[in-house]
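Please consider the model shown below. The paragraphs that follow lead through its helices, its salt bridges and one patch on its surface.

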Amino acid sequence: MAKAKEMTPEGNTVEHGGFDPLAADWRDRLSQSGTATIQVDAAPCQAQLTLRGDPADPAFAKAVEAQTGLLPPPVANTLTADEHCRLLWLGPDEWMLLAPPHQGALLLSGLTVAFAALSPATNAMVIDTSETRRALDVWGPDAVQLLERGCALDLHPRAFPIGRCAQGLLAGLPVLIAHLPRRNGANHPCLRIFARTSMVRHLAWWLVDALAEFRRPGK
Amino acid sequence: MEQPFRLKAGGRIDRTRPLRFVFDGKGYSGYAGDTLASALIANGVHLVGRSFKYHRPRGILSAGAEEPNALVQLGLEPRLVPNARATQVDLIHGLEADPVNCWPNVRRDVLAGLGLAAPLMPAGFYYKTFLASRHLWRHVFEPLIRRAAGWGRVPEDPDPDVYTHRHLHRDVVVVGAGPAGLAAALAAARTGARVALIDEGTEPGGSLLGQTRTLDGHPADQWVAEGREELSHLPEVLVLTRTTAAGLYDDGTTVVAEERLTDHLTSHGGHGPRARLWWLTSKTVILATGAHERPIVFPENDRPGIMLASAARTYALRYGALPGKRMVLFTTNSAAYESAIDLQSRGLRVEAIVDARPDPSGPHVDMAEALGIHIHKGCAVTATDGRHHLESVEIMLLSPDLRTVQAPRKLIECDLLCVSGGWSPVAHLYRHAGGQVEWNAEVRGFTPVPGPGLPRVVGSAAGTHALSQALERALTAGAEAAREAGFGDGSASSAPRVTETDALDGMDLWRVSDQPGDGGRAIGRPGHLSFVDLQNDATAADIDQAHREGLTNVEHMKRYTLTGFGTDQGKTSQVNGAVILARAVGEGPEAARLTAQRPPYTPITFGTLAGRRVGGLLDTVRETALQDIHRDLGKNGGAVFEPVGQWLRPRFYPKAGETMDRAVARECRAARQEAGLLDASTLGKIDAQGPDVVEFLERIYATPVASLPIGKVRYGLVCKDDGMLVDDGTLARLEETHFHLTTTTGNAAWTLNWMEEWLQTEWPDLRVRLTSVTEQWAVLALSGPKAREILAPLAPGMDLSVEAFPFMTWRAGAVAGIPARVFRVSFTGELSFEINVPWRYGPALWKALLAKGAPLGLTPHGTETMHVLRAEKGFILVGQETDGSVTPRDLGLGGMLKTKRDFIGKRGMARSDLQRPDRKVLVGLRTDDPAQVLPEGSPIVEAMSSARPLPMLGHVTSSYLSPMVGRVIALALVKGGRERLGQTLQVPLEDGDLAKVTVVEPVFWDPEGKRRDG
C-alpha cells in the first residue's frame, strides 16, 4: 500500500495511504508468473479524466488542446500522446485523458473552466474517473497470444499496431486495451489493459492462471 | 499371428513403432499412425459393438467422422471417454477400449435377442406403448429401457484435465486440409494474407493420403508434403491438425473448432491442456469439408464386414490393413470400382461387383472386366448372412422401375461387402451459416447453393468430384478470398496435372425393396431390416410407417423414427432418410428436404467448451476497496461472504464460535442501539449532467426531479414502459444541471444501459452526459443513534446538527481528512450518514470510523443485517419484494408517483389490469409462532381445502427473526392485502405443516419515524 501524503485526484492532501488492488503481493504474483516470452505487471497509477464533447465543434478541440497539449484523436480506436499525457478514443464523443497523478487536479479544473465557456450545444464535460479503472501491462513476444486466450479482439500487430486502443471483453470482463510504444520509460512496447477497479484482481488472477499454460514444456 | 490382416508394406503407419492396446478385454497390437479402427481391422476384428435398439452385431462402416457404429468407451475413471469414434481415435500404447451397448461382452450380449422382437417395436413404439401409464413408465419401463440402451458411460469424478481457449483473427480460414483445402490455403497464403488451415485428421492430405494417384507425375503424398512444407515457411499461416470445426457462427465469420492436444500422446493426462477451443474469426471462410460416401439401404445391410467402399480402400492404402479376404462391391456408380481394383491389387479377392446400373461403362469398368472381375449388372444385394461377421450375400435382378427385385437369387460367399450409393457433400458448416443445399442431379447429392455473405465451398463439398477441377477451383477460391481481404491480385498458379478418376456417373438407388416384384417373391424374411440410420436402428420400414401415420415433414419423421439423431447426427443416414420419405410421398430426391444441421459437427467434451471458466474463474468476482479488510476481519472469527450480482459482499461478521443467527442479532442490536457500519460501495453510482439533465431524469424517473433543490436528496423509482418497478435509488442534486444518482447493486449496469438506450436512440436531442462512477466512490453507511457522535470529531468542518444537515440532504467536506460527499439518507430507519470518498480511501475511512466508533459500540455489519433492518422498516428490496410484475402502487409507493408529468411507465400503469383492486400488494405478516421464519416464496392461502389448484392469495417475499421486535417479521405480496389487514391467513410449509399468519402493516419498527434524526 502506498504510504501517507498522497494527492487525491482533486489535489487535496490526505494523511492516509491509498488502497491499490494491485499492491505488493499481487505485483509479486504477476511478475513471478512471467515467462521468457511474456511479462505482466501493474501499470503505474495515473490520473484518468473522462472527456465528452462534440468533435465537430472546433472550439471543443481547441479547448482540449489548449489545456492538455493534445488534440482528440480523430480516428476511432486510436490515441494521441506526448511525453506527459495520452488521450484515448473511447467513443464518437468520448475520450479518456491519462496524465501523471499530480497533474490530474490541475487538468480537471482547467478543462472544467474551459468547457464552461463553450457553446451548450457542444455539451462538453470533464469528470474525474481516476478511481474507476486500474491498469495492467503485458509485454513480450507472446503477449498477444496470452490475451487471445480470452479476448475476441484482433490484437495482431497488423490490426492493432502501436497507437491503437480498443474496448472489449477479456476473460469475460470489460476492458480497454491500448498498445503503447513504451512502458515506464523502458524501451519496449506494451499492451496496457484497463479494467474496472473492482474487477482488476480477477483479471490478474486470470492472467496468472493463463500464464501457466505458457510455462509448461512444449508450449 | 499378430495383425494377420496387415499388409507387409505400404500405408502411412510406422512399422518400427508397434503399440499394444486392449479391446473388449483382449490384447492386440497395432502401429503408430493407426486409428483404433485400422488396428482392429489389421487384427481381423470387425465386431466392435452392438446396436442401440436391437442389440444387433455391428462393425466398422467408415474411416472417418461419419462413423455410426464403431463407438467405443475409452480410458479409466476419471478420464472415461464415452462413445468415441474408433475411426478417429489415434492408437496409443496402452489404450483401453470397450464396445458399448453390450453385456457381458460384444460376442455374448444378453440382449442380443431383442433383434427378433423388431417387428414388435416399430417407430413410435415407445410413445404408444410406454406412455399409457405414467406410473409404469417411471418405475418399470424407463429404468429398463435406460439400462438396455444407454451408450457409453460418463465419468463420475471431476475432470482432472485442463482446457484452454484461443481467439484468432485471420484473413482466410480454410476448413478441411484435403486436396482442395490444401490448394485453397496455399493460394491464399502465398499472397501474405493471414491464413488458418484446419483439419480433423492427424495430418493434412485428406483423401490423397496413401493413394495411388499422381499429381504432376509425383505420388500424391509428395504433393501433400510439399504443400505442408511451403505453408510451414509462411509466417502468417497456422495449420492445425486434430482440430474439428464444430460450428460456424456470427453470420459465417467465426469457425469454432476443437483442437485435441494430448489424447494422441497419453491416456492418463499429459502436460498442458488436453484440448483447445479455437474461435477463428475470418474475413472469408472457405469450406473444403469433403464428402461422405452414402450407404445403400437394402435388407440386412448392417452386418460386421459391410463397409463403405472408400473406407475399405482407405484402410488398405493408408493404413496397410485389409478389411477382408473375399469381397463383393455393391455400387451405383463407377467411382467405387477404383476401390475394388485397388483392393484386388493389395491381395483381396473381388468375388463380384454388383452394379445396380443395367449398363455400366467407363475406364474403371473396363479395367475391372480386364482384371477378370465378374460384374452383375442391374443387380442388387437383397440379403446378407453371417452371425457375427458377414459370410455371404444374396443378389437378385432389379426390375426396370427399381422398386422391386426379381428372381433368380444368387448367393455369393464373401467376408467383405463394400457399398457405395454415391457421395453426400459435407455442408454442415455451410448450413450453420444459414446456407441452403439443394438436390444436384449431376452430383447425385445435396450441394450448397451459393449466396451473398456465405462461405466459399470447394472440392467435393461443393460437388466437384474430379480432382483436377477441384484443385483448380480451390486455388482460384483461395486467391480470390485473399484479394477480398486486401492481399494479392486474385490470380492463382495453375493446378497440377492429375490422374483422374471416373466421373460420378452413377444412378439413384435409394432402397432395395424387400417387397416381391411381379413374379418374384418376398425376399424379406421376418426380421430382415433395411437400416437407414445404423446408430439409431431406424429402418426404411420405420420411415414408411411415419409416412403412413401422417408425418410427411422430414423434421417430424426424424423425431418419430430417430433417423439422424445420435452422436453421428445422421451423417450417413440423413440423405437416404429424407429421400425415402420423399419417395413415400410420391416425389423424387429433388423434393426431399434435409433436416436442420446444428453445431457441433462431432461431439465436443464439455471441458473444452468451459475452458478455464471453472471453479473460481467461472465468473468475474468484483471486490470493493475494503475486501482485504473484510477478509482480515474474517480471520478474527470468520466474515462470511455472499455473491450479490458479481460482487462478493460480507454477509455477516461472526465472532469466534458464533452462529449466523447470533452474529446477525448482535449486528442488528448494535445498529439500533449504538451504531453499525456497512460497506455500501457496491451501490451503482451514475454521474448525470448537461443542460437537459432535469428533463431527461424527469422522463426516466417515476418520481419528481425538477423540484429537488441543490444540496438535497430524493428517493427515486425507475419503471419500465409496462409500469413495473425495475430499480430504486437516490438522486442528489449537486448543481443546477448536475446529479449524483444511485442504483441498486445488482441493477447498476442494467440501469445505466437503460438510460443510455433512451438517450442515444430515443432522445438524442437531449444534451446529457452519463458516467458510471460506481468505482469512483467507496461508500460507508454509518447508521445508528450514535452515528453523529462518531462522525462529528472526524468531520470538524461539517455541522452535523439536524438543523444544518437535515434528513435527505448532502454535504461536501473532509471526513478523516479525506474529501467526501456525505448523504443523510437511511436504509435502516436510524440516523444514518452514507459517506462517499474516493475509492482508494475507503479502507482509510473505515479504519478512522472504527477507531473513533468502536469504543462507542460501532459494529461492522453485513448484508444480512442490512436486510433485517430494512425489512423491520418495511423498506422494499428490488428483486426481493419485486419480480418484474410489481408496480410502485402495489408496494404502497403510489403517493410518490408524479401525477401530471409523463415518465416511462406512466401509460403502462394506467392499464386496467394494474388498476384492479385485487392486485397483490405489499403487507406485513405476523406469525402466530413468534419463532417461525417463513421460507421466502412460500404461498399464502385463505385456508387449506381440497380445491385443486388451491387458490393462492400471494407469497412471502421476506422473513427474518427480528431481535429488536423480538419475533419473526415478514413481508408479503397478498391479493387485496390492504383490505385484509387483521385477517388470519395460512402459509403451507414444506413439511406439510401450516403456519398461521395475521396480515399487518408492513412496518415493524419505529412506525412514527422518530429515530431517523437520532
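How are α11(B) and α13(B) oriented to each other? Helix α11 (residues 540-548) of chain B and helix α13 (residues 574-585) of chain B pack at an angle of about 45 degrees, and their axes are 10 Å apart. The two helices are therefore oblique to each other; angles under 35 degrees count as roughly parallel, over 145 as roughly antiparallel, 65 to 115 as roughly perpendicular and the rest as oblique. The axes are lines fitted to C-alpha atoms, for helices over the stretch in contact, and the angles run from 0 to 180 degrees between N-to-C directions. The crossing of α11(B) and α13(B) is right-handed. A crossing is right-handed if the near helix is turned clockwise from the far one by less than a right angle, and left-handed if anticlockwise.

The model is predicted: local features need pLDDT of at least 70, side-chain atom pairs count only at pLDDT 80 or more, and totals for chains, interfaces and linings use all residues. Residues are numbered from 1 along each chain as its sequence is written, chains are lettered from A and ligands numbered from 1 in the order in which they are written, and side-chain values use heavy atoms, with hydrogens and water left out.

Chain B contains 22 helices and 49 strands. Helices (H or I, at least four residues) and strands (E, at least two) are DSSP runs, numbered from the N terminus. Along the principal axes, the C-alpha atoms of chain B fill a box of roughly 115 × 70 × 55 Å. Of its 1014 residues, 59% count as buried, where buried means under 20% relative accessible area, exposed over 50%, and partly exposed in between (1.4 Å probe, protein chains only).

Over all chains, the structure holds 74 salt bridges, each defined as a side-chain nitrogen of Lys or Arg within 4 Å of a carboxyl oxygen of Asp or Glu. One of them joins B:R190 to B:E230, with the closest N and O atoms 2.6 Å apart. Because B:R190 lies in the loop between α4 (179-189) and β9 (195-198) and B:E230 in helix α5 (residues 220-232), the pair ties together parts of chain B that are 40 residues apart in sequence. B:R190 is partly exposed at 40% relative accessibility, and B:E230 is partly exposed at 29%.

Another salt bridge links B:D263 and B:R274 (2.8 Å, N to O). Both residues lie in the loop between β14 (254-260) and β15 (275-287) of chain B, so this pair ties together parts 11 residues apart in sequence. B:D263 is partly exposed at 31%, whereas B:R274 is buried at 13%. B:R349 and B:E351 also meet in a salt bridge, at 3.5 Å from N to O; B:R349 is exposed at 52%, while B:E351 is buried at 17%. In chain A, a network of salt bridges links A:R27, A:D41, A:D137, A:R183 and A:R192.

Finally, B:W103, B:V110 and B:L111 make a nonpolar surface patch of about 330 Å². Patches are made of residues with over 30% relative accessible area and no salt bridge: like charges are joined within 9 Å, and nonpolar side chains (Val, Leu, Ile, Met, Phe, Trp, Tyr) within 5 Å. Accessible areas come from the Shrake-Rupley method with a 1.4 Å probe; for residues, only the protein chains shown count as cover. B:W103 lies in the loop between β7 (95-99) and α2 (125-130) of chain B and is exposed, with a relative accessible area of 60%.
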